[in-house]
Amino acid sequence: MALTKTPTTLFDNITISGNTYTSTSASIDLTDAVDLCIGYTLTFDAGADVGATIYVFADPTFSNSSFVVGSYDYPIDSWPIYGRSKAGHTISGAARMDHSAKFVKIRLYNHDAASITNCSVWVAPQR
């Protein structure tokens, strides 16, 4: 049996205001996943000097696909996207993330005062 990697769009061409989080993504079912990759494309403002972070949150009960990510919840994984040398540029990349939870949700945080534009994020669990 061959493994598959079917991508799902989580965020499509959104803007992330300065010093804020995106909304929380829909739940991602990793019940039968053996690996998880998150792809991203975003455009930093010309004044960007810090960057953004992708955060992965997990359902602590391992049974609730509609769990809520609270303001003080800790992520199970994160991926920094550095902005200092990328100011004014569109960047793309992929991050391999922890896939041990049954259900996860994704949020991005913009650490700069200026907005990040053209932000798209995909997830591809390998099954």
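## Basis of the description

A residue is termed buried at under 20% relative accessible area, exposed at over 50% and partly exposed in between, using a 1.4 Å probe and protein chains only. The structure is a predicted model, in which local features need pLDDT of at least 70 and side-chain atom pairs count only at pLDDT 80 or more, while totals for chains, interfaces and linings use all residues. Residues are numbered from 1 along each chain as its sequence is written, and side-chain values use heavy atoms, with hydrogens and water left out.

Asn110 is located in strand β7, strands being DSSP runs of E with at least two residues, numbered from the N terminus. Its relative accessibility is 0%, so Asn110 counts as buried. The side chain of Asn110 reaches the backbone nitrogen of Asp112 at 2.9 Å. With contact defined as heavy atoms within 4.5 Å, and leaving aside neighbours within four places in sequence, Asn110 is in contact with residues including Ile16, Ser17, Gly18, Gly51, Ala52 and Ile116.

Ser120 belongs to strand β8 and is likewise buried, with a relative accessibility of 8%. A polar atom of the Ser120 side chain lies 2.9 Å from the backbone nitrogen of Asn13. Not counting residues up to four places away in sequence, Ser120 touches Phe11, Asp12, Asn13, Gly39, Tyr40 and Thr41.

## Sheet arrangement

Four strands form an open sheet in the order β2-β7-β4-β5, with antiparallel pairing; two strands pair if DSSP finds at least two bridges between them. Its edge strands, β2 (28–29) and β5 (77–82), each pair on one side only. Strands β4 (residues 51–58) and β7 (residues 103–110) run antiparallel and are joined by seven bridges. Within this pairing, Thr53 has Tyr109 in β7 as its bridge partner.

## Aromatic pairs and a charge over a ring

The structure holds three aromatic pairs. Rings of Phe, Tyr and Trp (its six-membered ring) pair if their centres lie within 6.5 Å; planes under 30 degrees apart count as stacked, over 60 as edge-to-face and the rest as tilted. Tyr21 and Tyr55 form a tilted pair, at 6.1 Å centre to centre and 50° between the planes. Tyr21 lies in the loop between β1 (8–16) and β2 and Tyr55 in strand β4, so this pair ties together parts that are 34 residues apart in sequence. The pair of Tyr55 and Phe57 is also tilted, because the ring centres are 6.4 Å apart and the planes stand at 45°.

Tyr21 is partly exposed at 41% relative accessibility, whereas Tyr55 is buried at 17% and Phe57 is buried at 6%. Ring pairs link Tyr21, Tyr55, Phe57 and Tyr109 into a cluster. Elsewhere, Lys105 lies over the face of Phe67, 4.8 Å from the ring centre; the criterion is NZ of Lys or CZ of Arg within 6 Å of the ring centre and within 35 degrees of the ring normal.

## Nonpolar cores

A nonpolar core is a set of buried Ala, Val, Leu, Ile, Met, Phe, Trp, Tyr and Cys residues joined through side-chain atoms within 4.5 Å. The largest core has 27 residues, of which Ile38, Leu42, Ile54, Ile106, Leu108 and Val121 touch the most other members. At least two residues of this core come from each of β1, β3 (35–43), β4, β6 (90–97), β7 and β8 (116–126).

A second, separate core of six residues includes Tyr55, Phe67, Val69 and Tyr109. Not counting residues up to four places away in sequence, Ile38 touches residues including Ile54, Val56, Ala94, Met97, Ile106, Val121 and Trp122.

Conventions: A polar contact is a pair of N or O atoms within 3.5 Å; within protein, one must be able to donate a hydrogen and the other to accept it, and residues adjacent in sequence count only if both atoms are side-chain atoms.
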